[in-house]
Amino acid sequence: MLKFILPVALLVALCAGDSFAQQKKKEEAPAEPPPVVEEKPAPYDSKIMRLAEILGSVHYLRNLCNGGESEWRQMMESLLAEETKGEPQRAARFTAAFNRGYRSFAATYVKCTPQAIAAEEKYRAEGATLATEITARFGN
């Protein structure tokens, strides 16, 4: 009988050990991350996306032709602070639009030319029009 009990006792001990180990693994497993809150785009997001791209373009062109201006980047930072509080994915999309505008002109112009000046003026005018439209239709 001892020959039978010893293997059974070892088997029970091993099973209990495995069960305990599994239970411990469950306890040590990190808690599930909180559910991701779906960010709902505002009805004017496409216009703000375009405005962010324009700010990036103008920022590059103004620095290229006038040097050392940070006004346009500061406008973008203000836009992000006001529009994307607690919405990191939305902020990332707006930042990407700003960077896209910046890089598109950085790839085209390496020195200030009459065409760069004309593009900057055109984009500034478009940005002013967009800002006015967004404010008139949606804003305060």
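**Note on helix packing in a predicted model**

1. Helix H3, which covers residues 71-83, packs with H4 at an angle of about 160°, and the axes of the two helices are 10 Å apart. H3 and H4 are therefore roughly antiparallel to each other, since an angle over 145 degrees is counted in that way. The crossing in which H3 passes H4 is right-handed. On the side of H3 the contact is made by Trp-72, Arg-73, Met-76, Leu-80 and Glu-83, and on the side of H4 by Arg-90, Ala-91, Phe-94, Thr-95 and Phe-98. Sorted by class, the residues of this contact are six nonpolar, one polar and three charged.

2. Before reading further, please keep in mind that this is a predicted model, so that confidence has to be considered along with geometry. The protein chain has a mean pLDDT of 79, and 72% of its residues reach 70 or more. Among the elements of the chain, H4 has the highest mean pLDDT, at 95, whereas helix H1 (residues 2-28) has the lowest, at 42. Over residues 1-24 the pLDDT stays under 50, and for this stretch the model has one contact beyond four places in sequence.

3. Helix H2 (residues 45-65) also packs with H4 (residues 88-106), here at an angle of about 40° and with the axes 7 Å apart. That angle makes H2 oblique to H4, and H2 passes H4 in a right-handed crossing. H2 contributes Asp-45, Ile-48, Met-49, Ala-52, Glu-53, Leu-55, Gly-56, Ser-57, His-59, Tyr-60 and Leu-61 to the contact, while H4 contributes Arg-90, Arg-93, Phe-94, Ala-97, Phe-98, Arg-100, Gly-101, Tyr-102, Ser-104, Phe-105 and Ala-106. Divided by class, the contact of H2 with H4 has twelve nonpolar, five polar and five charged residues.

4. How do H2 and H3 pack, and at what angle? The angle between them is about 160° and their axes are 8 Å apart, which makes H2 roughly antiparallel to H3. The crossing of these two helices is left-handed. The contact involves Ile-48, Ala-52, Leu-55, Val-58, His-59 and Arg-62 from H2, together with Trp-72, Arg-73, Met-75, Met-76, Leu-79 and Glu-83 from H3. By class, eight of the residues in the contact of H2 with H3 are nonpolar, one is polar and three are charged.

5. Leaving aside residues up to four places away in sequence, Glu-83 touches Tyr-44, Ile-48, Arg-90 and Phe-94. In the case of Phe-94, the separation from Glu-83 is eleven residues in sequence and 9.7 Å in space, taken from C-alpha to C-alpha. Glu-83 takes part in the contact of H3 with H4, and Glu-83 is also listed in the contact of H2 with H3.

6. Finally, a word on aromatic rings: a search of the whole structure finds four aromatic pairs. In one of them, Tyr-44 and Phe-138 form a tilted pair, with 5.2 Å from centre to centre and 45° between the planes. Tyr-44 lies in the loop between H1 and H2, and Phe-138 in helix H5 (residues 114-138), so the pair ties together parts that are 94 residues apart in sequence.

Methods:
Residues are numbered from 1 along each chain as its sequence is written. This is a predicted model: local features need pLDDT of at least 70, side-chain atom pairs count only at pLDDT 80 or more; totals for chains, interfaces and linings use all residues. Side-chain values use heavy atoms; hydrogens and water are left out. Axes are lines fitted to C-alpha atoms, for helices over the stretch in contact, and angles run from 0 to 180 degrees between N-to-C directions. Helices (H or I, at least four residues) and strands (E, at least two) are DSSP runs, numbered from the N terminus. Angles under 35 degrees count as roughly parallel, over 145 as roughly antiparallel, 65 to 115 as roughly perpendicular and the rest as oblique. A crossing is left-handed if the near helix is turned anticlockwise from the far one by less than a right angle, and right-handed if clockwise. Contact means heavy atoms within 4.5 Å. Ala, Val, Leu, Ile, Met, Phe, Trp, Tyr, Cys and Pro count as nonpolar, Asp, Glu, Lys and Arg as charged, and the others, Gly among them, as polar. pLDDT is the predictor's confidence in each residue, from 0 to 100. Rings of Phe, Tyr and Trp (its six-membered ring) pair if their centres lie within 6.5 Å; planes under 30 degrees apart count as stacked, over 60 as edge-to-face and the rest as tilted.
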